[in-house]
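Let's walk through this structure together, starting from the overall layout and ending with a few single residues. Please keep the sequence and the 3D view open side by side.

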Amino acid sequence: MEFAFVSGNPALDLAATVEARRDEPADLLGTPSDLERWVAACDGLPDEVTADTATFEAALALREALYRLALDRVLGTPFDRDCLAIVNAAAAGPVPAMELSDTGLRLSGDLRAALSQVARRGIAVLADPGARLKECGRAGCTRIYLDRSRGARRTWCGMDECGNRVKAAAYRARRRAAAPQSTVE
Ligand SMILES: [Zn+2]
């Protein structure tokens, strides 16, 4: 299973590891090893972390809190107090160590440090009044993303993930409408 990093912020990408939240929620982080793979795949986080049961549970709580706060932001409602407390507590922890060498940047730290970094990135985007947070326009996709496009015209969380699927479905619908007798699917 490949994770998608199309939200423009790791906190939003973490929140989106539950897909189709309103219809048929699918959790991509079913086990601690899924979380380890997610952290390794996410830019700006340490490549190798180990998740035990406690930090795994903490990560899922942080994820749900980040989603709720992002949704509050999209809806223009006040931030949920309990979720603020969870995200702020996570952000207060130590962050990954950063090291420069000829081979580039190396980040190291444990899962707690990785989660702290995700929480801080989430706070940065949620606190930014200029950040345009949107929910994906494909029905059923509940991913919230940061729209950095000129004029904020972006409609989908990602073209591969949703935009092309919607366009292909619209194309099939037009073809069916143009040939109502056809039995071709
Ligand atoms: Zn989408």
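Two residues are in contact here if their C-beta atoms, placed from the backbone, lie within 7 Å. With that in mind, look at helix α4, whose buried residues pack against α3 (53-75) and α5 (111-127). Please remember throughout that this is a predicted model.

Let's step back for the overall view. The protein chain holds 6 helices and 6 strands, and from the N terminus they follow the order α-β-β-α-α-α-β-β-α-β-β-α. Along the principal axes, the C-alpha atoms fill a box of roughly 65 × 40 × 35 Å. The chain has 185 residues, of which 28% count as buried. Among contacts with a separation of 6 or more, 56% come from residues 24 or more positions apart.

Now back to α4, which spans residues 81-91 and has Cys83, Ile86, Val87 and Ala90 as its buried residues. Where do these buried residues of α4 sit around the helix axis? Seen down that axis they fall within an arc of 90°, so they line one face of the helix. On the other side of α4 you will find Arg81, Ala85 and Asn88, which are exposed.

Why does Val87 count as buried? A residue is buried if 20 or more other C-beta atoms lie within 10 Å of its own, and Val87 has 25 of them. Leaving aside neighbours within four places in sequence, Val87 is in contact with Leu62, Ala65, Leu66, Leu69, Ala119, Gly122 and Ile123. The C-alpha atoms of Val87 and Ala61 are separated by 9.0 Å, although the two residues are 26 apart along the chain.

Next, turn to the two helices that α4 packs against, α3 and α5. Two packed helices are described by the angle between their axes and the distance between the axes. For α3 and α5, the angle is about 5° and the axes are 11 Å apart. Angles under 35 degrees count as roughly parallel, and α3 and α5 are therefore roughly parallel to each other. On the α3 side, the residues that meet α5 are Thr55, Ala58, Ala59, Leu62, Leu66, Leu69, Ala70 and Arg73. Their partners in α5 are Leu111, Arg112, Leu115, Ala119, Gly122 and Leu126.

Several of these names return in the largest nonpolar core, which has 38 residues. Those with the most contacts inside this core are Ala11, Ala15, Leu62, Leu66, Ala70, Val87 and Leu115. At least two residues of the core come from each of α1 (10-15), α2 (32-41), α3, α4, α5 and β6. Ala15, for instance, touches Arg63, Leu66, Tyr67, Ala70 and Ile144, not counting residues up to four places away in sequence.

That brings us to Ile144, which sits in strand β6. Ile144 is buried, with 26 other C-beta atoms within 10 Å. Leaving aside neighbours within four places in sequence, Ile144 is in contact with Ser7, Leu12, Ala15, Ala70, Leu71, Val74, Leu133, Lys134 and Glu135. From Ile144 to Val125, 19 residues apart along the chain, the C-alpha atoms are separated by 12 Å.

Let's move on to the loops. Thr142 lies in the loop between β5 (133-135) and β6 (144-146), and counts as partly exposed with 19 C-beta neighbours inside 10 Å. Not counting residues up to four places away in sequence, Thr142 touches Ala20, Arg21, Arg22 and Glu135. Thr142 and Ser116 are 26 residues apart in sequence and 24 Å apart in space, C-alpha to C-alpha.

One of those partners of Thr142, Ala20, belongs to the loop between β1 (18-19) and β2 (26-27). Ala20 has a positive phi of about 50° although it is not a glycine, and counts as partly exposed with 13 C-beta neighbours inside 10 Å. Ala152, another residue other than glycine, has a positive phi near 50°. Ala152 is found in the loop between β6 and α6 (159-178), and is exposed, with 9 other C-beta atoms within 10 Å.

Finally, a note from the record: an unreviewed UniProt entry lists residues 132-175 as "domain: Zinc finger CGNR". In the model, this span is 39% helix and 14% strand, and its end C-alpha atoms lie 35 Å apart.

Methods. Residues numbered from 1 in each chain as written. Predicted model: local features only at pLDDT ≥ 70, side-chain atom pairs only at ≥ 80, totals over all residues. Helix = DSSP H or I, 4+ residues; strand = E, 2+ residues; numbered from the N terminus. Buried ≥ 20, exposed ≤ 12 C-beta atoms within 10 Å, placed from the backbone. Arc of directions from axis to C-beta. UniProt positions renumbered as here; feature names shortened; annotations may be inferred. Core = buried A, V, L, I, M, F, W, Y, C linked by C-beta atoms within 7 Å. Axes fitted to C-alpha atoms, helices over the stretch in contact; angles between N-to-C directions. Parallel < 35°, antiparallel > 145°, perpendicular 65-115°, else oblique.
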